[in-house]
Amino acid sequence: MPANLLNLKNQALASINQTETPADLEHLRVAYLGRKGEINQILKTLASLDPTAKVAMGRLINDVKSTLETSLNQRLKELNQPTTAWLDTTAPGTPVPHGHLHPITQAIEEITRIFEHIGFTRVRYPEVDWDHYVFEALNMPEDHPARDEWETIFIDTPAHPTKGKMVLTTHTSNGQVREMERVKNPPIRMLNLGKCYRRQQDATHTIMFHQFEGLVVDKGISIPHLKGTLDYFGQQFFGPKIKSRIRPFHFQFTEPSFEVDFTCTSCQGKGCRFCKSGWVEVGGAGMVHPNVLTAGGIHSKIYSGFAFGWGVERVLRLKPGLNIDDIRLLYSTNQEFLNQF
Amino acid sequence: MNISIPYSWLKEYLITSASPEKIAECLSLCGPSVEKLTKVKNDSIYEFEVTTNRVDMMSILGIAREAAAILPQFGFQAKFRTSGTLPEVHQNTSFPLQITVDPKLCPRFTAVVIKNVTVKSSPVKIKNQLEKSGIRSLNNIIDISNYLMRLYGQPVHTFDFDKIKAKMILRLSRPKETITTLDNKTFTLPGGDIVIEGGSKKLIDLCGIMGGLNSAIDDHTKNVLLFVQTYDPVRIRQTSMKLAQRTEAAVLFEKSPDPEQVMPVLLQGIQLFKLLANGQQGSKIIDLYPQPYQPKTVTAPLQLIKQQLGVEITQPEVDKILNSLGFTNGRVPSWRAKDINIPEDIVEEVARIYGYHRLPSCLMATSIPTNYPDTHFDLEYMIKTWLAGMGLTEIYTNSLISQNFPNQLKIKNALSTDWQYLRNSLIPSHTQSFPAFEIANVYLPRPGKLPEERLQLIISGVPEFPKLKGIIDALSLKLHTIIPADYQGSAAVIDLLPVLLRTRRYPRYQPISLYPPIIEELTFTLPKHTYLGPVIQTIKTIDHLITSVHLYSMFENNFTFRITYQSHTEQLSSTTIAPIRKKIAANLKTKFKSDLVGDLR
């Protein structure tokens with residue numbers, strides 16, 4: 001019987017190769033593989049075999065069947081091809097579905113991956129939060145002039161008896177004390193990335209935007225560690241030749257506080273029309289204020305830390321080649337914009 | 001806060017070899033940031049960004065003092081020249097006003113009468129200095145107060161003395177009292193604002209914000225009351241915010257300028273009146289300062305400084321830096337008293353003057369945390385990638401919407417009617433006509449608590465239902481779990497968190513069978529409006545040999561299902577599956593009143 005099967009296979013393969021039209025090929029398919037075809041005829045004879053032979057034979061028949069199927073499909077492909085050997089590789093391909101990941105998603109993914117490499121864990125904290133986490137615990141009591149910097153949006157709902165008003169988070173820094181409360185004992189290496197809201201809308205600000213917040217707390221964390229982290233991020237995200245620098249600034253929740261610049265990606269720090277000085281400002285950073293550590297239940301004499309919080313839109317715009325002139329486009333459904341990504 | 005300062009004026013108090021450009025560069029690295037340096041004829045104008053904690057630098061003197069500390073670190077000679085000797089004053093005359101002051105509202109109250117002034121325009125030099133500082137020159141009297149404010153960072157007010165009518169009561173306003181300020185605007189006060197009532201029982205000053213029109217200097221003013229105070233910063237801020245009057249005086253007063261500087265400003269004022277307006281001191285100086293400034297001491301251990309900076313700095317180096325900023329033996333200078341409270345504040349002063357750019361840069365070598373939160377950002381990203389791969393475009397829409405749907409949080413101070421509510425559904429935001437998706441939170445109010453932020457996936461802009469369903473089906477296969485979706489029009493919405501928690505990263509692997517399957521098609525006539533899902537599910541569960549059931553084709557009420565039978569232990573034949581086939585027909589008959597098309601062998 002195996003010889004029988006082998007003959008059948010060879011005969012079938014030969015016929016398939018000699019076929020000249022798809023219709024003839026279909027006839028062959030029915031003749032060999034159809035319900036009443038040759039293969040099924042042989043299958044019927046299986047019943048008379050002993051179990052071991054049955055298994056072996058079954059496997060052989062299956063092999064033959066799949067060989068024939070492959071060969072049929074292969075020949076069909078050949079027959080369907082243009083008869084000449086000329087192939088125009090410049091002709092357009094058949095379109096396949098291809099959608100678009102939003103640039104913000106791409107930036108978030110890249111930022112997350114960069115920080116994960118140095119041990120940061122991404123977390124998610126409320127986008128609607130109590131004043132306590134957004135301001136008060138960050139060393140910004142009510143009526144503090146420093147609050148002017150944040151164009152806060154308030155929710156029309158009664159205030160919490162101890163945690164104050166309900167607000168849309170103006171920055172991802174609300175994650176600082178929340179993360180301290182979650183982790184309880186350092187080490188902390190947090191990356192909080194989420195939506196924020198401020199009362200402003202123009203070509204460089206949108207009422208809803210994204211921030212990413214880094215927080216590191218442990219024994220002996222110092223300014224050089226912050227500088228190291230900034231340099232690492234800058235080189236990974238903007239390019240290997242990028243440097244960072246920090247300049248004095250003031251935030252209530254960090255002491256000292258810094259403004260962070262990176263060398264301009266379009267002129268590599270030489271100074272150009274876009275950056276003027278060779279540096280571009282990215283956002284704020286600082287060493288965590290002892291009052292914030294205390295508010296998060298962490299002993300400020302034993303532990304120290306640093307934090308930074310920047311706009312995703314901001315760093316995205318500084319990517320080489322991505323000088324998006326109006327960031328409101330990011331939150332539109334403009335396909336001319338979206339289809340570029 | 002930003003402040004414009006001309007280089008020429010700064011040079012009067014800063015002796016240095018550094019060029020205007022170098023000053024800008026060095027200060028930006030170690031002190032106030034220079035936003036702009038504009039060249040004008042024979043001069044340059046700086047625009048400094050001064051942080052809210054450094055109201056002392058909102059002045060020529062403050063910037064000069066800071067520059068004198070910073071520039072030597074860059075190898076430039078620099079010396080701070082103080083405002084010079086102040087005039088002798090006589091205190092033998094009386095003070096002609098009856099004054100009542102609440103020291104809680106006004107911790108330091110100083111005033112002096114200047115008599116026989118001539119109101120005229122200021123000399124060109126003063127005019128130029130003011131105009132290059134962004135202040136309009138009006139007349140010599142007003143210019144004196146603005147000159148003092150720019151030089152010292154201390155707001156100064158001048159009243160027409162004869163309009164006050166012998167009496168001043170500094171108190172809190174009562175609700176609905178009104179005042180018309182210098183700029184001819186009338187305000188109805190909310191109450192609790194610091195005001196001064198004059199002899200005619202009318203309000204003559206909205207303290208710390210703007211003077212009253214009824215006591216203003218005019219061309220006929222003969223006698224002036226020169227007025228320099230400090231106020232409760234919180235009250236000034238509240239009034240200024242409530243009335244939306246953000247005058248330069250208010251912006252300075254709400255940040256607590258140095259009370260020790262009040263007297264030098266007043267004395268300098270007396271001198272300027274003599275010089276520019278022929279005015280003579282017409283009364284003794286009144287100075288109500290019941291709780292004078294007490295010097296305080298804040299220090300940082302050298303160890304803390306070394307640890308935070310990561311450099312080997314010595315105590316003498318630290319002391320040199322602190323001395324250059326006005327700190328002596330741990331004693332904080334009065335103009336920094338509000339800002340310097342803890343050792344970390346001292347660390348900042350040392351670090352920034354030493355130069356952040358001189359500190360090393362290295363990654364931390366401490367241990368990496370292991371207590372991760374229960375989040376699934378990578379899965380979210382995978383879902384997004386798959387959906388984009390299926391041809392959908394990802395969009396980000398605003399969480400704030402214009403429509404008032406039931407059970408939504410409302411914004412108290414909406415920027416525009418477009419953004420008045422926090423959405424509780426993604427559907428209203430997805431009005432676009434192309435196939436798109438988004439993963440975002442919706443916000444569901446909970447009484448007394450923060451809203452539930454529910455993570456949802458929406459697929460929208462797919463009007464053909466089978467296509468929409470096909471996307472969800474494909475996603476279910478990828479995530480190895482059933483994904484329940486809420487279909488609304490051309491959109492499907494999925495609660496993502498339960499799916500993320502339930503999904504398996506890998507399937508349960510099924511061994512490949514050694515025996516070929518039998519695949520056949522069965523056609524049934526189903527009554528109108530029969531749900532296909534349960535029909536397919538019924539067929540699937542009839543026998544374990546049925547490994548898959550697909551809808552192969554449909555025509556009118558006839559539905560053809562392609563059924564695959566396969567066993568792991570034997571070769572199936574038409575005979576072995578005959579009973580299963582019969583069972584399928586029987587079950588569909590009883591459950592769905594459906595008839596098999598054709599006969600069973």
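A residue is buried if 20 or more other C-beta atoms lie within 10 Å of its own, exposed if 12 or fewer, and partly exposed in between, with C-beta atoms placed from the backbone. Helices (H or I, at least four residues) and strands (E, at least two) are DSSP runs, numbered from the N terminus. The views show a predicted model, in which local features need pLDDT of at least 70, side-chain atom pairs count only at pLDDT 80 or more, and totals for chains, interfaces and linings use all residues. Residues are numbered from 1 along each chain as its sequence is written, while chains are lettered from A and ligands numbered from 1 in the order in which they are written.

**View 1. Helix α12 of chain B is mostly covered.** The helix spans residues 343–354. Its 12 residues reach 17 Å from the first C-alpha to the last. That is close to the expected 16 Å, at 1.5 Å a residue (1.5 Å times one less than the number of residues). Of the 12 residues, 9 are buried. Among them are I346(B), V347(B), V350(B), A351(B) and I353(B). After the helix comes G355(B), with a positive phi near 115 degrees.

**View 2. Helices α3 and α4 of chain A pack against each other.** Helix α3 covers residues 38–45, and helix α4 covers residues 51–80. The angle between them is about 175 degrees, and their axes are 11 Å apart. Axes are lines fitted to C-alpha atoms, for helices over the stretch in contact, and angles run from 0 to 180 degrees between N-to-C directions. The two helices are therefore roughly antiparallel (angles over 145 degrees; under 35 is roughly parallel, 65 to 115 roughly perpendicular, the rest oblique). From α3(A), the contact uses I39(A), I42(A) and L43(A). From α4(A), it uses I61(A), V64(A) and K65(A). Two residues are in contact if their C-beta atoms, placed from the backbone, lie within 7 Å. These residues divide into 5 nonpolar, no polar and 1 charged. Ala, Val, Leu, Ile, Met, Phe, Trp, Tyr, Cys and Pro count as nonpolar, Asp, Glu, Lys and Arg as charged, and the others, Gly among them, as polar.

**View 3. L46(A) sits in the loop between α3 and α4 of chain A.** This residue is partly exposed, with 16 other C-beta atoms within 10 Å. Leaving aside neighbours within four places in sequence, L46(A) is in contact with K54(A), M57(A), G58(A) and Q571(B). W150(A) is 104 residues from L46(A) in sequence and 81 Å from it in space, C-alpha to C-alpha.

**View 4. Chain B touches chain A.** The contact takes 77 residues from chain B and 76 from chain A. On the chain B side, helix α13 (residues 377–389) gives the largest share, 7 residues. That side divides into 38 nonpolar, 27 polar and 12 charged residues.

**View 5. Three strands of chain B form an open sheet.** The order is β19-β21-β20, with antiparallel pairing (strands pair if DSSP finds at least two bridges between them). β19 (400–401) and β20 (409–410) stand at the edges, each with a single partner strand, so one side of each has no neighbour in the sheet. Between β19(B) and β21(B) there are 2 bridges. I401(B) has Y421(B) as its bridge partner.

**View 6. Strands β24 and β25 of chain B form a hairpin.** There are 2 residues between the strands, and G489(B) in the turn has a positive phi of about 60 degrees. The strands run antiparallel, joined by 3 bridges. Y487(B) has A492(B) as its bridge partner. Strand β23 (residues 449–460) also runs antiparallel to β25(B), joined by 4 bridges. There, L457(B) is partnered by I494(B).
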